[in-house]
Amino acid sequence: MVSPLSLSFFTFFLFLFLSHPQAQAQSQSQSDPQSPTNDPPTVCIIGSGISGSSVAHFLRLYSSSSSSSNSNPFSIHIFERNGVVGGRMATVNVSGQTFEAGASILHPKNYYAVNYTQLLGLKNKDPPSDSFSLGIWDGQKFVFKTHSFSSNIPFVDKIVSLANPLLMLVRYGFSILKMQTFVEGTVNNFLKYYERFESRPVFETVDEMLKWAGLYNLTTQTLQEELIDVGLSPLLIKELVTVITRVNYGQSASISGLAGAVSLAGSGRGVWAIEGGNWQMAAGLINRSDAAVHLHEEIDSVSYLGEYYELNSTKGNSYKCEVAVVATPLDELNIQFTPPISIPKRKLQHTHATFVRGLLNPGYFGLDAVSEIPKLVATLEDPDLPFTSISVLKKHDEKDFTYKIFSREPMADILLDSFFSVRQETIRIDWGAYPHYNAPEEFAPFILDDRNLYYVNAFENAASTVETSAIAAENIARLILSRFFSQLLLISSNLGSNSDGEILHVDL
């Protein structure tokens, strides 16, 4: 599953404005969080990725939908330790061209992402014009390859597009169809999170949220166990399933079942992205929510002082708010909470993304020409293999490409030189990308202190995508409105449809 955010009044240049130091100073001077004795109350959100921006968006959306006043019933402040918003949605510039560096794909049934895109006037990125091909590499040879053939004759392209599914059917049998049925069943359960308020409760725990949608049991055993139970062949699990989970989550088929099913869904047809970068969803949502953004402001402590929370930053700044929301993974942060909180220990899976402008060496793969190398080279689960995948981002000419390499460890120059004949530019990014999944999963609470301290990313132990983050954020926003701003939450039966297109729920 995958996620985005009328652009008519804020343009791309305002997105750039958000990341400028002067904009940071202005946002901090707009109105620092007020003392709790003043009106309106303040919501502080730590993190400006899709989780934090979605919480801000839904808080504004639902409170304005249920309030007859035109004034904002509360102020929102968002704290971001980096100089730009977006969190794990980010882009990278390689030789003057922009590519997705973080969360890069969105599923056609990611309805919050679809609605964000329409709401903000963002544009879907055009699919690549050249044909796609996959090769599964075991370190010595390609154990499976699809055909790749570009033609100006549509009939020829159609033949090739039909041939590849037949190749998979021959190798993996009808297990392919069983896998598709398994994925579709999981996606259909996820669609319950878009139902109207009348049939969809507000959830105080992740367990409760998953059980309501019929998804909890998938977190109690591994993907491999789930797929064996539904009758998939060992070969399909060893090769294609493992390749997909390695590319999408950097982990093997021993990943927990729900995260694995979400990973498989992200490999299907129709996945998409936003022209100019998916981060624009977060920037757009923040702008529409009328939130004050504090860039380069890392929060290192959160203290409950009786009637309000005090947030302190590494710069020595202090902020007061009635509601505090943590919208970033706590696993590798050093935020001190007073009184202390208790959450399960969780390890993040680091994915090293290496971007190379250059040319692969076909000899490394036992091939004679670069044209024979598949557009996506994916690998089996083997600790001796140095990379997870190599994909072509753009073909500039026959001897000049931009590639993206995923690996579990940093890619040293000497290693890169072993399978690249030419390297013009190399950029490395280390992402603490998602949890390291282990079934059965244990979940942190949405409410960290039984008061008004909330944790959106508790849901990531179920699955970590743009869309699942938006789903969790929407629930957190409703939770805040129902618990702290209960007088504002006048949920009416017409929240599922709205003439100005503001409500993001979809009638299914």
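Which backbone nitrogen does the side chain of Glu-467 reach? In this predicted model, the side chain of Glu-467 reaches the backbone nitrogen of Ala-113, at 3.1 Å. Glu-467 belongs to helix H13. With a relative accessibility of 0%, Glu-467 counts as buried, because the cut-off for burial is under 20%. A further spatial relation of Glu-467 involves Ile-50: the two residues are separated by 417 residues in sequence, yet their C-alpha atoms are 8.5 Å apart.

The axes of H4 (residues 111-120) and H13 (residues 466-483) come within 8 Å of each other and cross at roughly 85 degrees. H4 is therefore roughly perpendicular to H13, as angles of 65 to 115 degrees are classed in this way.

Helix H4 itself is mostly covered, with eight of its ten residues buried. The buried residues of H4 are Tyr-111, Tyr-112, Ala-113, Asn-115, Tyr-116, Thr-117, Leu-119 and Leu-120.

In soluble globular proteins, nonpolar side chains tend to be buried together. The largest nonpolar core in the model contains 128 residues, of which Met-281, Leu-311 and Val-325 touch the most other members. H13 supplies the largest share of this core, with ten residues. For Val-325, contacts beyond the neighbours within four places in sequence are made with Val-43, Cys-44, Ile-45, Ile-46, Val-55, Tyr-454, Val-456, Ile-476 and Ile-480. Another core, of 20 residues, lies apart from the largest one. Its members include Leu-359, Phe-365, Phe-401 and Ile-405.

A further enclosed element is helix H10 (residues 257-265). Nine of the nine residues of H10 are buried, so this helix is largely enclosed by the rest of the structure. These buried residues are Gly-257, Leu-258, Ala-259, Gly-260, Ala-261, Val-262, Ser-263, Leu-264 and Ala-265. Among the elements that cover the buried residues of H10 are helix H6 (175-190), helix H7 (206-212), helix H8 (223-229) and helix H9 (234-249).

Two packed helices are described by the angle between their axes and the distance between the axes. The axes of H6 and H10 come within 9 Å and cross at roughly 105 degrees. The two helices, H6 and H10, are therefore roughly perpendicular to each other. From H6, the residues Met-179, Phe-182, Val-183, Thr-186, Val-187 and Phe-190 meet Leu-258, Ala-261, Val-262, Leu-264 and Ala-265 of H10. The contact of H6 with H10 consists of ten nonpolar residues and one polar residue, and no charged residue takes part.

Helix H9, one of the elements covering H10, also contains Glu-239. At 4% relative accessibility, Glu-239 counts as buried. When neighbours within four places in sequence are set aside, Glu-239 is in contact with Ile-136, Val-143, Arg-171, Tyr-172 and Leu-380.

Definitions and conventions. Residues are numbered from 1 along each chain as its sequence is written. This is a predicted model: local features need pLDDT of at least 70, side-chain atom pairs count only at pLDDT 80 or more; totals for chains, interfaces and linings use all residues. Side-chain values use heavy atoms; hydrogens and water are left out. Axes are lines fitted to C-alpha atoms, for helices over the stretch in contact, and angles run from 0 to 180 degrees between N-to-C directions. Helices (H or I, at least four residues) and strands (E, at least two) are DSSP runs, numbered from the N terminus. Angles under 35 degrees count as roughly parallel, over 145 as roughly antiparallel, 65 to 115 as roughly perpendicular and the rest as oblique. A nonpolar core is a set of buried Ala, Val, Leu, Ile, Met, Phe, Trp, Tyr and Cys residues joined through side-chain atoms within 4.5 Å. Buried means under 20% relative accessible area, exposed over 50%, partly exposed in between (1.4 Å probe, protein chains only). Contact means heavy atoms within 4.5 Å. A polar contact is a pair of N or O atoms within 3.5 Å; within protein, one must be able to donate a hydrogen and the other to accept it, and residues adjacent in sequence count only if both atoms are side-chain atoms. Ala, Val, Leu, Ile, Met, Phe, Trp, Tyr, Cys and Pro count as nonpolar, Asp, Glu, Lys and Arg as charged, and the others, Gly among them, as polar.
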